[in-house]
Amino acid sequence: MKISDEQLALLKLYKNSTTLEKVKIYARIIFNFPQIKNHLEKYIPNSGTVLDYGCGYGIFSNYIKMKNPNLNVIGFDISKTRINEAKKSAIAMGVEFTDDLKNFNFENLQLVLSIDVLLFLTLEQKINLLEKFYRSIKTGGIVFIKDTLKSNSFRFKYTNFEEKLKIKLKVYGSNVTSTLNYITPDEFLEILSSAGFKIVDLIPENHLLYPGIFIIAQK
Ligand SMILES: C[S@@+](CC[C@H](N)C(=O)[O-])C[C@H]1O[C@@H](n2cnc3c(N)ncnc32)[C@H](O)[C@@H]1O
């Protein structure tokens, strides 16, 4: 497997992470980053503010800042452990990482990312959050979602099992104790359309064992 220059640059940002977290961060950069980046890169805006909601260690926030240093990039996650690691990585990059959005001005966003996060939210929370994103995004701005593709497949059952185990083992830190709430692509379309978004693209994709879906919508 060839590691790209972008992956190498990201790996370097996390050299000061604790060993346990480093294993998870490096695995994400090596095994998952390339597939997600392929879909994300064309939506990186020229200017404005980007919110990475549920940013984890901030890999995609840092990637976006790396691609366009002029952007104001904010990464939010409820996991304090992950945000602490993200903050260490951001010293070089200038991304703002936080575990508290209370004082964040939800206005004029150009791009919002929600990568492998919405599965942790109940249906009602997803609806409220996507409506909030709609109100916060500028006209023409984008919400870029990646989630697990719900189906009857073995891949889905396996992914569900693995995610449940990760929550039990506190892989996401002690803050993430939620149940998993997967929805179908049709349900995503319904929620996004009801919030006011236009669907730009919907890409189901299997990566390794994991059934994923990318949904890109525009205000
Ligand atoms: C699979 S990780 C993905 C992290 C990051 N988006 C990425 O792609 O590398 C899921 C993240 O969602 C976060 N999360 C779970 N529930 C959340 C919530 N209610 N609000 C914000 N983040 C949440 C977890 O702490 C975890 O960092």
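A crossing of two helices is right-handed if the near helix is turned clockwise from the far one, and left-handed if the near helix is turned anticlockwise by less than a right angle. In this predicted model, H1 passes H3 in a right-handed crossing, and the crossing of H2 and H3 is right-handed as well.

Two packed helices are described by the angle between their axes and the distance between the axes.

| Helix pair | Axes come within | Crossing angle |
|---|---|---|
| H1 (residues 5-13) and H3 (residues 59-67) | 11 Å | roughly 120° |
| H2 (residues 19-40) and H3 | 10 Å | roughly 55° |

The axes of H1 and H3 cross at roughly 120°, which makes H1 oblique to H3. On the H1 side, the contact uses Glu6, Ala9, Leu10 and Leu13, and these meet Ile59, Asn62, Tyr63 and Met66 of H3. By class, the residues of the contact of H1 with H3 are six nonpolar, one polar and one charged.

For H2 and H3, the angle is roughly 55°, so H2 is likewise oblique to H3. H2 contributes Ile25, Arg28, Ile29, Phe33, Ile36, Lys37 and Leu40, while H3 contributes Ile59, Phe60 and Tyr63. Eight residues of the contact of H2 with H3 are nonpolar, two are charged and none is polar.

Beyond its neighbours within four places in sequence, Phe60 is in contact with Ile36, Leu40, Asp52, Cys55, Leu113 and Ile115. Ile36 and Leu40 belong to the H2 side of the contact with H3.

Technical notes
Residues are numbered from 1 along each chain as its sequence is written. This is a predicted model: local features need pLDDT of at least 70, side-chain atom pairs count only at pLDDT 80 or more; totals for chains, interfaces and linings use all residues. Two residues are in contact if their C-beta atoms, placed from the backbone, lie within 7 Å. Axes are lines fitted to C-alpha atoms, for helices over the stretch in contact, and angles run from 0 to 180 degrees between N-to-C directions. Helices (H or I, at least four residues) and strands (E, at least two) are DSSP runs, numbered from the N terminus. Angles under 35 degrees count as roughly parallel, over 145 as roughly antiparallel, 65 to 115 as roughly perpendicular and the rest as oblique. Ala, Val, Leu, Ile, Met, Phe, Trp, Tyr, Cys and Pro count as nonpolar, Asp, Glu, Lys and Arg as charged, and the others, Gly among them, as polar.
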